[in-house]
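This briefing covers a nonpolar core and a set of charged pairs. Please have the model open while reading.

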Amino acid sequence: QVQLVESGGGLVQAGGSLRLSCAASGSIFRINIMGWYRQAPGKQRDLVAVITSGGSTNYADSVKGRFTISRDNAKNTVYLQMNSLKPEDTAVYYCNIYAMDSDYRGYGYWGQGTQVTVSS
């Protein structure tokens, strides 16, 4: 069993900042990839940013230069620092990890989602 607990969402004015956190716990041997996705009402869930175990990152074009993803491997936690927020960033943000158990079997897991609302 693996659990992902997200925190840090909320309401912020345009131009403001928020920091999301996602802590993974349970039967985890190694977490290869950690990432954040978001889903606005009536839209599909889209990638925001991902980070590998080695620290390589990839961002959606719409957030480059404003968002920063990072991870603490010792704590199995991934963060998303969001600056210069825009109303179009409003969405439910989901944490996602791809982790391996002690038998080296890989599985994907999703967090429960945290609401981010940016007012204009």
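Is Arg38 buried or exposed? Arg38 is buried, at a relative accessible area of 14%, where buried means under 20% relative accessible area, exposed over 50%, and partly exposed in between (1.4 Å probe, protein chains only). The model is predicted: local features need pLDDT of at least 70, side-chain atom pairs count only at pLDDT 80 or more, and totals for chains, interfaces and linings use all residues. Residues are numbered from 1 along each chain as its sequence is written, and side-chain values use heavy atoms, with hydrogens and water left out.

**Nonpolar core**

- The largest nonpolar core has 29 residues; such a core is a set of buried Ala, Val, Leu, Ile, Met, Phe, Trp, Tyr and Cys residues joined through side-chain atoms within 4.5 Å.
- Trp36, Leu80, Met82, Tyr93 and Ile97 have the most contacts inside this core.
- Strands that each supply at least two residues of this core include β1 (2-7), β3 (18-26), β4 (30-39) and β9 (91-100); strands are DSSP runs of E with at least two residues, numbered from the N terminus.
- With 5 residues, β9 gives the most to the core.
- Apart from neighbours within four places in sequence, Ile97 is in contact (heavy atoms within 4.5 Å) with Val2, Leu4, Ala24, Ile28, Ile31, Ile33, Met34, Tyr107, Gly108 and Tyr109.
- In soluble globular proteins, nonpolar side chains tend to be buried together.

**Salt bridges around Arg38**

- The structure holds 5 salt bridges, each being a side-chain nitrogen of Lys or Arg within 4 Å of a carboxyl oxygen of Asp or Glu.
- One of them joins the side chains of Asp89 and Arg38, at 2.9 Å from N to O.
- Asp89 sits in the loop between β8 and β9 and Arg38 in strand β4, so this pair ties together parts 51 residues apart in sequence.
- Asp89 is buried, with a relative accessible area of 0%.
- A network of salt bridges links Arg38, Arg66 and Asp89.

**Salt bridges of Arg105**

- Arg105 forms a salt bridge with Asp101, with the closest N and O atoms 3.0 Å apart.
- Arg105 also forms a salt bridge with Asp103, where the closest N and O atoms are 3.3 Å apart.
- Arg105 is partly exposed, at a relative accessible area of 44%.
- Asp101 is buried at 13%, whereas Asp103 is exposed at 52%.

Notes
Helices (H or I, at least four residues) and strands (E, at least two) are DSSP runs, numbered from the N terminus.
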